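Work each task on the structure before turning to its solution.

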Amino acid sequence: MTVAQTLADVAAAYLLNAQARTDLQDSSERSREAALHDALTGLPNRVLLLERLEHARLRGRRSGNLTAVFFLDLNGFKAINDAHGHRAGDELLVGVGERLTAALRPGDTLARLSGDEFVMVCEDLSERWQANAILTRLEVALALPFVLADTEVSVSASIGIAFGGDGRQTPEQLVHDST
């Protein structure tokens, strides 16, 4: 009976330990996710954006293809926040993120830097003119009004672009050059 109790205690301890490891791993994954993504939109944040830009820089150096970095700053966002409140502003940011995400090509990255600033990274362009089609998709994505809980608003964006591909620019330089 004592041996059976000891075996049961050991088995219970193993199960508790396994559950604790699983819980710790889940917690670690949630912490990493929170550290790399914007809490409001769920989009990658600046840290993850810079990681992906570094990856794009290395790929571009190997392949010779270009990376386009689009910087989008919403026009009139402060006026919308002031007129309709921060809740409406948050809804708008989420909606903008969703529409821009829908305009992405597979493998592209959309990140929210802060406030009303978004950055899109588009890799594997063979020519600069290919960015024009992406730019058009971004403009079309923002063209229709956004229906928020209390109102409908229209928004546009100032969009800057920078190109990388030779591997010389740092991720920070590409973001800065696109503003």
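Helices (H or I, at least four residues) and strands (E, at least two) are taken as DSSP runs and numbered from the N terminus. This is a predicted model, in which local features need pLDDT of at least 70 and side-chain atom pairs count only at pLDDT 80 or more, while totals for chains, interfaces and linings use all residues. Residues are numbered from 1 along each chain as its sequence is written, and side-chain values use heavy atoms, with hydrogens and water left out.

**Exercise 1. The crossing of H2 and H6**

Task: describe how the axes of helix H2 and helix H6 cross, and name the residues that meet.

Solution. Axes are lines fitted to C-alpha atoms, for helices over the stretch in contact, and angles run from 0 to 180 degrees between N-to-C directions. The axes of H2 (residues 46–63) and H6 (residues 171–178) come within 8 Å and cross at roughly 105°. To classify the angle, count values under 35 degrees as roughly parallel, over 145 as roughly antiparallel, 65 to 115 as roughly perpendicular and the rest as oblique. H2 and H6 are therefore roughly perpendicular to each other. With contact meaning heavy atoms within 4.5 Å, Arg46, Leu49, Leu50, Leu53 and Glu54 of H2 meet Pro171, Glu172, Leu174 and Val175 of H6. For the classes, Ala, Val, Leu, Ile, Met, Phe, Trp, Tyr, Cys and Pro count as nonpolar, Asp, Glu, Lys and Arg as charged, and the others, Gly among them, as polar. The residues of this contact between H2 and H6 divide into six nonpolar, no polar and three charged.

**Exercise 2. The packing of H3 against H4**

Task: at what angle do helix H3 and helix H4 pack, and which residues make the contact?

Solution. H3 (residues 77–84) and H4 (residues 86–102) pack at about 135°, and their axes are 6 Å apart. This angle makes H3 oblique to H4. On the H3 side the contact is made by Phe77, Ile80, Asn81 and His84, and on the H4 side by His86, Ala88, Gly89, Leu92 and Leu93. Sorted by class, the contact of H3 with H4 has five nonpolar, four polar and no charged residues.

**Exercise 3. Leu148 and Val147**

Task: decide whether Leu148 is buried or exposed, and do likewise for Val147.

Solution. Leu148 lies in the loop between strand E4 (146–147) and strand E5 (152–153), and its relative accessible area of 7% makes it buried. Setting aside residues up to four places away in sequence, Leu148 touches Ala88, Glu91, Leu92 and Val153. The C-alpha atoms of Leu148 and Ala88 are separated by 6.4 Å, although the two are 60 residues apart along the chain. Val147, in strand E4, is exposed, with a relative accessible area of 65%.

**Exercise 4. Leu142, Arg99 and the rings**

Task: list what Leu142 touches, and find the ring over which the charged end of Arg99 sits.

Solution. Leu142 is in helix H5 (residues 130–143) and is buried at 5% relative accessible area. Beyond residues up to four places away in sequence, Leu142 touches Leu72, Val96, Arg99, Leu100, Val155 and Ala157. A charge sits over a ring if NZ of Lys or CZ of Arg is within 6 Å of the ring centre and within 35 degrees of the ring normal. The charged end of Arg99 sits over the ring of Phe146, 3.6 Å from its centre.

Conventions:
Buried means under 20% relative accessible area, exposed over 50%, partly exposed in between (1.4 Å probe, protein chains only).
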